[in-house]
Amino acid sequence: MARVVRLGLTGGIGSGKSTVASCLADLGAAVIDADAIARSVTAAGGPAIAPIRATFGNKMITPEGALNRQEMRSLVFADASARQRLEAIVHPLVGLETQRQADDAVAAGHRCLVFDVPLLVESLHWRSRVDQVLVVDCSEPTQISRVVARNQLDPEAVRAIMQAQSPRLRRLQAADAVIWNDGISLTDLRTQVAALAATFGLSLANTTVGPH
C-alpha cells in the first residue's frame, strides 16, 4: 500500500486557511476540518453538550440545546481555567471523530490527508501526528481587515481573538512550509498551493484511487 502523507494546515484568523484547504481538496486531498468537528460535537444533541451543561451550567447551553458560543467565549477570555475545562471536554471528542474521518479517508483510497487545525501550533500532540506543517500567513493588518469585513466585528475584538491565538512568529517557526496569502489573487494563491502541494507528491493523479 502506498504511504499516506499527513499534512497539518494552520494559520491565524483571517489568514485564508479555509481557502487553502479548499484548494488542497480540489487537488485530491482529504481535508479533515477540526473546527467543523468541534462545532458538530457542541451542536444540539452533540456528545459534548451534557458534560458542558454539568460543568458550566445551563447558561452555557442555548434554548435549542447547543453550546452558547457567545457566553462561552466571554467566559474563556476572562478565565483561563474555564478554557482548560472546556478543552478537556471537547478535545477528546474531536480527536475521536478526527481519527474516524481519517480512517474513512484512507479506506476510500486517499493518500494525502490534510488536517485543518486552527490551534495546531498550540497543541501538545498534533505535531507528532503529521508529517509536515503548512502555515498560511499574511500581515496582521490584513488579518484584521478581513475579519472585520467578514464577521462585522470591531477591530479591537479581532485583535483580542488574535492575541488568544499563537503569535504569528511562533506559527512561522513551527512551519515546514509557508503559504503567503496577502496582496495576491485567488488564481495566484491556487498556483502557489499547487506548486507547494507538488513537493509533497500531492496531485489529482495520486491522492485517491477513485473520483474526487
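The model is predicted, so local features need pLDDT of at least 70 and side-chain atom pairs count only at pLDDT 80 or more, whereas totals for chains, interfaces and linings use all residues. Residues are numbered from 1 along the chain as its sequence is written, and side-chain values use heavy atoms, with hydrogens and water left out.

**Overall fold**

- The chain holds nine helices and five strands; these are DSSP runs numbered from the N terminus, with helices being H or I of at least four residues and strands E of at least two.
- Read from the N terminus, the order of elements is β-α-β-α-α-α-α-β-β-α-α-α-β-α.
- The radius of gyration is 18 Å, close to the 17 Å from the globule rule for 212 residues, so the chain is as compact as a globular protein of that length; the radius is taken over C-alpha atoms, and the rule is 2.2 Å times the number of residues to the power 0.38.
- The C-alpha trace spans about 50 × 40 × 30 Å along its principal axes.
- Of the contacts between residues at least 6 apart in sequence, 72% join residues at least 24 apart, a contact being heavy atoms within 4.5 Å.

**Surface and burial**

- Buried residues account for 45% of the 212 residues, where buried means under 20% relative accessible area (1.4 Å probe, protein chains only).
- The accessible surface comes to about 10900 Å², and carbon and sulfur atoms hold 55% of it; areas follow the Shrake-Rupley method with a 1.4 Å probe.

**Nonpolar cores**

- The largest nonpolar core has 32 residues, and those with the most contacts inside it include Ile 52, Phe 56, Leu 86 and Val 90; such a core is a set of buried Ala, Val, Leu, Ile, Met, Phe, Trp, Tyr and Cys residues joined through side-chain atoms within 4.5 Å.
- Elements that each supply at least two residues of this core include strand 2 (30–33), helix 3 (49–56), helix 5 (80–107) and strand 3 (112–116).
- Helix 5 gives the most to this core, with eight residues.
- Val 90 touches Ala 38, Val 41, Thr 42, Ala 48 and Ile 52, with residues up to four places away in sequence not counted.
- Another core, of 20 residues, lies apart from it and has Leu 9, Cys 23, Leu 196 and Phe 200 among its members.

**Helix 1**

- In helix 1 (residues 17–26), the buried residues are Lys 17, Val 20, Ala 21, Cys 23, Leu 24 and Ala 25.
- Their cover includes strand 1 (5–11), strand 5 (177–180) and helix 9 (186–199).
- Gly 28, with a positive phi near 110°, follows helix 1.

Methods
Buried < 20%, exposed > 50% of the residue type's maximum accessible area, 1.4 Å probe, protein only.
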